[in-house]
Amino acid sequence: MTSIALFGAGGKMGYRLAKNLKGSRFDVRHVEVSEAGRARLSGDLGLSCVSPEEGLDGADVVILAVPDTAIGKVAAGIADRLKPGTMVVALDAAAPFAGHLPQRADLTYFVTHPCHPPIFNDETDPAAKRDFFGGIAAKQHIVSALMQGPEEAYGLGEEIARVIWAPVMRSHRVTVEQMALLEPGLSETVCASLLVVMREAMDECVRRGVAKEAARDFLLGHMNVLGAVIFEETPGVFSDACNKAIEFGKPVLMKDDWKRVFEPAEIAASIQRIT
């Protein structure tokens, strides 16, 4: 049986993973330093915790379910206890991309991250429809990268990824560099920023007299239909008026060189700020 040491098992992310790993084919050792986290695992899931030393003893896989800012310190603190061939799993590309994992060529580094449940989906169960993050009831896609290690290790990493992010639809293989383009580049620097602007635009309509509920309903409805066309969920074209609004609106909202956020130096700087 493949043994997994789950570090940060009682934290926000670690708890999700511990819940999904429960009942799987893996022998999971839960490592959690906080009393609140240990109590949550015990009270909610009936899981007991072990010391880091016990968790690492003979472990085949170590999952670092800890904040990006702590991964370097945690990884450095356990590196000497890892046997050659151990797989270290990170849940975000930031720390691996920034070089915060120990320089040990005999370890396997696997990085995986959820895409989260898509806006356009076929969910009918109320619990799944309200599972916006994923990993509970709603189906989602995932991305994974084998940063270093033998090619055959990818299969094990992807199997673990499918369990911790379940239920999973498509599993995409990417590189760590590509994952960094997706986050923070695409998902946070671009998507989150533009969504914040859209919320501020809605608030501006409210400030100018539109009822908040009316403005919200109007915006979310148009996000649905416009998004379906733009992202090819459904065939369709915009009206001449809409196309003209985009033609004149985009230069007002976006700088000509906005795509520089995807340049390697910009991605590296963004990751440096969060790690």
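Author: Happy to chat about this one. A word on UniProt first: its positions are given in the numbering used here, and annotations may be inferred rather than shown by experiment. Also, the model is predicted.

Reader: Good to know! So which residues does UniProt list for the 6-phosphogluconate dehydrogenase NADP-binding domain?

Author: The UniProt record, an unreviewed entry, gives residues 4–90 for that domain. Over that stretch the chain is 43% helix and 20% strand, and the C-alpha atoms at its ends are 13 Å apart.

Reader: Nice. Where is histidine 30 found?

Author: Histidine 30 sits in strand β2, which covers residues 27–31.

Reader: And is histidine 30 buried or exposed?

Author: Histidine 30 counts as buried, because its relative accessibility is 7% and the cut-off for buried is under 20%.

Reader: What does histidine 30 touch?

Author: Leaving out residues up to four places away in sequence, histidine 30 touches Leu6, Ala9, Ala18, Leu41, Leu47, Ser48, Cys49 and Val50.

Reader: Switching to helices: how far does α7 reach?

Author: Helix α7, residues 153–164, has twelve residues and spans 17 Å from first C-alpha to last. That is close to the 16 Å expected at 1.5 Å a residue.

Reader: Which residues in α7 are buried?

Author: Those are Ala153, Tyr154, Gly157, Ile160, Ala161, Val163 and Ile164.

Reader: Last one: which residues form the nonpolar patch on the surface?

Author: Val225, Leu226, Ile230 and Phe231 do, with about 390 Å² of accessible area together. Among them, isoleucine 230 lies in helix α9, residues 212–230, and is exposed, with a relative accessible area of 51%.

Reader: Great, thanks!

Technical notes: Residues numbered from 1 in each chain as written. Predicted model: local features only at pLDDT ≥ 70, side-chain atom pairs only at ≥ 80, totals over all residues. Heavy atoms only, no water. Helix = DSSP H or I, 4+ residues; strand = E, 2+ residues; numbered from the N terminus. Buried < 20%, exposed > 50% of the residue type's maximum accessible area, 1.4 Å probe, protein only. Contact = heavy atoms within 4.5 Å. Patch = residues over 30% accessible without salt bridge, like charges linked within 9 Å, V, L, I, M, F, W, Y side chains within 5 Å. Areas by Shrake-Rupley, 256 points an atom, 1.4 Å probe, with all protein chains shown as cover. Salt bridge = Lys/Arg side-chain N within 4 Å of Asp/Glu carboxyl O. Expected span 1.5 Å × (residues − 1).
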